[in-house]
Amino acid sequence: MKFVVDQQVEDIELPENLKLNTFLQEFHSDCHDPQCGFGFYGFAFGQSPFPVPRPIQEALVKNVNKGAYAPVQGIPELREAISKYNKFYFGIDVDPQRIYVGPGTKELIFNLLEILHGTVILPTPAWLGYLPQIRFLKKNYHMLLSGENGKISPHDLKKLALRLHDRQKILILNNPHNPTGVLYDKSDLEEITEVCREQGITVISDEIYAQTTYDFSKFVSMGKIYPEGTFVTNGLSKSHAAGGYRLGYVIFPQHALDVRRQFKKILATEYTAVSTPIQHAAVAGFEISSELNDYFEITRNIHQLIGEYTFNFLNKIDGVVATKPEATFYLLADFNSFANELEKNKINTSQKLSEALIIHPYHTAIVGGDSLVLERTDFRARIAFVDYDGEKVYYNYKNQKPKTFSEKLEFVECNAPKVVSGLKMIEKFLNDLKRNLNSDLQTLENPIKLTI
Ligand SMILES: Cc1ncc(COP(=O)(O)O)c(C=O)c1O
């Protein structure tokens, strides 16, 4: 029997991170060099490496017997806890009625794009998750190129909005930002809000990395600055290292009663409700406690230590420019000044750069430009600095916080050796490119294919 898949689905590509995962697994079994037993240097996966906080784990165990369906919007205890969490950490007063829970923010963003009519404004570079959703939903969209500081300019936003004649425009604002690690501060958000108010732009503010802001006092939610026009999304995945729990939430704008009603219909139609035990576990994750507070502080400090190390290392390489992360566990490294050398080695797209870095002897996985909604020939790449044993590093940091510059350096070198070696590999690759010495690069004459 031959099955026919809907064309709309055929046209969707497997997200790049999943492609890469499969590719690495397949590729790895092909590399027989004994020196490569270490695996590969993983700068590609955006996953928090830390253990799920103990209170969440315990609450999950305690609630395994909860077999009944939960209310569509989420259990009341959870919405109440999320409301208090938002008040405590982000200084926003949100009635629990404005909070809906879903299976991850990715799904909730998809649902919002489903119900909100209008043209989407997508700042680039962008997280690799948005564009496939926008395409799948066949929405009109326009890219908005971020400036050199990694942020969109209010002026450019206004110029673009004036050109769009749709009844509604939807800006997807990701703050803090994946892939650059850049943070929009209060005045940035105020300036963007001014344009949004004037041009009637609705904002989906994806704040999944809010808790990872290194100087947490600097994080401001768009929900606070533009409460009448912002849908804020957040969840357990990054702050609580629990991406696999699949739990996110959306805060609706003030007074958006009808949209809430419509949204409920969509949630009920598509997934009924999030798993009940997971919701009970999440209550423990959003409750205010010194244990959770310490967890957020320790994890963000570690991200900062390794982020600064990565930033300093890359920027010291002649020709590389990296964004300075103020949050998240990513930065964006710009290799465009190597375009000529890359070209000489037949590396003329960002995809080929990713492939060249993964082959022997480099074995370094990065996420290349076109997966970040950049031009295929743009040699910027996302570097995720989380390839270390999160549990061990968490307790090492807790037991002895490095204070001085040299202690910090030593901490990173001892605790994240694969990050350090992987960075050295990137440097070696670039040196080999410059000297045009590397015979391994010649293998690219038969380009590696992602066979999925
Ligand atoms: C910017 C951004 N938004 C959303 C998500 C997805 O989060 P969730 O696990 O809540 O679906 C990710 C995950 O990598 C992300 O980087």
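**View 1. Pro 125 is found in the loop between strand S3 (119-124) and helix H6 (130-136).** Helices (H or I, at least four residues) and strands (E, at least two) are DSSP runs, numbered from the N terminus. This is a predicted model, in which local features need pLDDT of at least 70 and side-chain atom pairs count only at pLDDT 80 or more, while totals for chains, interfaces and linings use all residues. Residues are numbered from 1 along each chain as its sequence is written. Look at the bond between Thr 124 and Pro 125: this peptide bond is cis, with omega about 0°.

**View 2. Another cis peptide bond runs from Asn 175 to Pro 176.** Here omega is near -10°. Pro 176 sits in the loop between strand S5 (169-174) and H8. Most residues other than glycine have a negative phi, and most peptide bonds are trans.

**View 3. Ala 241 has a positive phi, near 50°, although this residue is not glycine.** To find Ala 241, follow the loop between strand S7 (230-235) and strand S8 (248-251).

**View 4. Seven strands make an open sheet with mixed pairing.** Their order is S2-S8-S7-S6-S5-S3-S4, where two strands pair if DSSP finds at least two bridges between them. Strand S2 (99-102) and strand S4 (141-145) are at the edges with a single partner strand each, so one side of each has no neighbour in the sheet. On average, neighbouring strands of this sheet are turned by 20° against each other, direction ignored. Within the sheet, S5 and strand S6 (residues 201-206) run parallel and are joined by six bridges.

**View 5. Helix H7 (residues 154-163) and helix H8 (residues 186-199) come within 9 Å of each other, axis to axis.** The axes cross at roughly 15°; they are lines fitted to C-alpha atoms, for helices over the stretch in contact, and angles run from 0 to 180 degrees between N-to-C directions. The two helices are therefore roughly parallel (angles under 35 degrees count as roughly parallel, over 145 as roughly antiparallel, 65 to 115 as roughly perpendicular and the rest as oblique). From H7, Pro 154, Leu 157, Lys 158 and Ala 161 meet Glu 191, Ile 192, Glu 194, Val 195 and Gln 199 of H8; residues are in contact if their C-beta atoms, placed from the backbone, lie within 7 Å. H7 also lies across S3, S4, S5 and S6, at about 155° to S4.

**View 6. Helix H12 (residues 290-316) packs against helix H16 (residues 405-415) at an angle of about 90°.** Their axes are 10 Å apart, and the two helices are therefore roughly perpendicular. Leu 305, Ile 306 and Tyr 309 of H12 make the contact with Lys 408, Phe 411 and Val 412 of H16.

**View 7. Four strands form an open sheet with antiparallel pairing.** The order is S9-S10-S13-S12. Strand S12 pairs antiparallel with strand S13 (residues 380-384) through two bridges. In one of them, Val 367 has Arg 382 of S13 as its bridge partner.

**View 8. The ligand is surrounded by 14 residues.** The closest are Gly 104, Thr 105, Lys 106, Trp 127 and Ser 237; a residue counts as near a molecule if its C-beta atom, placed from the backbone, lies within 6 Å of it.

Technical notes:
Contact = placed C-beta atoms within 7 Å.
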